[in-house]
Amino acid sequence: MRVLVVTAVPAERDAVTRAFAPGDTAVDVIACGVGPAASAAGTATALASATRPYGLVVSAGIGGGFGHLAPLASLVVADAIVAADLGAETPDGYVPVTALGFGAVEHLPPAALVRAVADATGAVTGTVLTVSTVTGSAARAAELRARHPYAAAEAMEGFGVAEAASLHGVPVLELRAVSNAVGPRDRAAWRVGEALAALTGAFGKLVPVLETWEDRNEDRDEEHDDA
Ligand SMILES: O=C(O)c1cccc(C(=O)CC[C@H]2O[C@@H](n3cnc4c(=O)[nH]cnc43)[C@H](O)[C@@H]2O)c1
């Protein structure tokens with residue numbers, strides 16, 4: 001199975017790439033830029049121009065962690081990838097686009113794969129929010145936590161990657177290494193180096209997981225072929 005890993009910036013791409021042996025052609029890692037629009041455009045382009053199809057897309061990088069669930073340098077694997085600010089403000093509060101009759105605000109990665117990734121890497125599982133604006137206040141963090149009680153992390157690309165993957169019928173995962181706490185802005189407190197090292201460590205443990213998952217999927221495909 002070929003895997004496409006999508007990061008925002010080159011430092012994240014290189015952290016993921018460091019985990020793989022030179023010449024391993026089963027995994028392609030690309031940096032598409034910051035935010036859901038750049039990541040959706042880059043992922044869709046990569047999927048559409050692939051000469052051999054991808055069996056999985058992974059949105060990966062650093063992210064903000066919610067409270068005690070996801071401390072600095074810990075890992076979060078998404079059991080739900082949720083667009084947290086795709087909607088409308090109304091007098092009664094925020095309304096997601098789905099309540100307005102449009103689109104989607106959530107993608108669900110394959111549950112068995114999420115469990116396997118969590119077991120292999122020690123990642124916490126939870127909702128990973130996609131935001132267009134990094135949270136910078138305690139009030140906004142509390143608002144997001146109230147709206148998404150299972151949120152473990154926030155980042156800026158997962159939902160864009162997931163929309164593109166969904167359009168192409170490819171399953172998606174999101175894996176984040178926590179560089180900072182979600183809350184009042186304190187850029188000096190971000191621990192980017194530690195988070196990137198955690199990301200490399202996590203991907204080093206993922207290869208056997210992906211191979212096992214591929215085998216199981218192939219078994220399932222054969223069962224379907226027989227039916
Ligand atoms: O400054 C650096 O050396 C550096 C190295 C690698 C990556 C960065 C970034 O700033 C990447 C931006 C990327 O990070 C995600 N992110 C991280 N923390 C948060 C957060 O609290 N809320 C939302 N997003 C966050 C996000 O996905 C950005 O694309 C810097």
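Me: At what angle do helix H2 and helix H5 pack, and how far apart are their axes?

Reply: Helix H2 (residues 36–48) packs against helix H5 (residues 158–167) at an angle of about 30°, and their axes are 7 Å apart. That makes H2 roughly parallel to H5, since angles under 35 degrees count as roughly parallel, over 145 as roughly antiparallel, 65 to 115 as roughly perpendicular and the rest as oblique. The axes are lines fitted to C-alpha atoms, for helices over the stretch in contact, and angles run from 0 to 180 degrees between N-to-C directions. This is a predicted model, in which local features need pLDDT of at least 70 and side-chain atom pairs count only at pLDDT 80 or more, while totals for chains, interfaces and linings use all residues. Residues are numbered from 1 along each chain as its sequence is written, and side-chain values use heavy atoms, with hydrogens and water left out.

Me: Which residues in H2 meet H5?

Reply: From H2 there are Pro 36, Ser 39, Ala 40, Thr 43, Ala 44 and Leu 47, and they meet Gly 160, Val 161, Ala 164 and Ala 165 in H5. Contact means heavy atoms within 4.5 Å. By class, seven residues in the contact of H2 with H5 are nonpolar, three are polar and none is charged. Ala, Val, Leu, Ile, Met, Phe, Trp, Tyr, Cys and Pro count as nonpolar, Asp, Glu, Lys and Arg as charged, and the others, Gly among them, as polar.

Me: How many aromatic pairs does the rule count?

Reply: The count comes to one aromatic pair. Phe 20 and Phe 203 form this pair, at 6.1 Å centre to centre with 75° between the planes. Rings of Phe, Tyr and Trp (its six-membered ring) pair if their centres lie within 6.5 Å, and planes under 30 degrees apart count as stacked, over 60 as edge-to-face and the rest as tilted. The pair of Phe 20 and Phe 203 is therefore edge-to-face.

Me: Why does the pair tie together parts that are 183 residues apart in sequence?

Reply: Phe 20 lies in the loop between helix H1 (10–17) and strand S2 (27–31), whereas Phe 203 lies in helix H6 (residues 192–226), so the pair links parts 183 residues apart in sequence. Both Phe 20 and Phe 203 are buried.

Me: How do you know whether Thr 200 counts as buried or exposed?

Reply: Buried means under 20% relative accessible area, exposed over 50% and partly exposed in between (1.4 Å probe, protein chains only). Thr 200 has 18% relative accessibility, so Thr 200 counts as buried. Thr 200 is placed in helix H6. Not counting residues up to four places away in sequence, Thr 200 touches Ala 15, Arg 18 and Ala 19.

Me: Is Ala 198 buried or exposed?

Reply: With a relative accessible area of 17%, Ala 198 is buried. Ala 198 is also in helix H6. Its contacts, not counting residues up to four places away in sequence, are Ala 73, Leu 75 and Ala 177.

Me: What is the phi of Ala 73?

Reply: Phi of Ala 73 is near 70°, a positive value in a residue other than glycine. Ala 73 lies in the loop between strand S3 (54–65) and strand S4 (75–83). The relative accessible area of Ala 73 is 32%, so Ala 73 is partly exposed.

Me: How do you know whether Gly 65 is buried or exposed?

Reply: Gly 65 has a relative accessible area of 1%, so Gly 65 is buried. Gly 65 lies in strand S3.

Reply: Val 76 lies in strand S4. At 0% relative accessibility, Val 76 counts as buried. The C-alpha atoms of Val 76 and Glu 174 are separated by 8.2 Å, although the two residues are 98 residues apart along the chain. Among the residues that Val 76 touches, not counting those up to four places away in sequence, are Ala 123, Val 128, Glu 174 and Arg 176.

Me: What makes Cys 32 count as buried?

Reply: Cys 32 is at 19% relative accessibility, so Cys 32 counts as buried. Cys 32 is found in the loop between S2 and H2. Among the residues touched by Cys 32, not counting those up to four places away in sequence, are Ser 39 and Thr 43.

Definitions and conventions: Helices (H or I, at least four residues) and strands (E, at least two) are DSSP runs, numbered from the N terminus.
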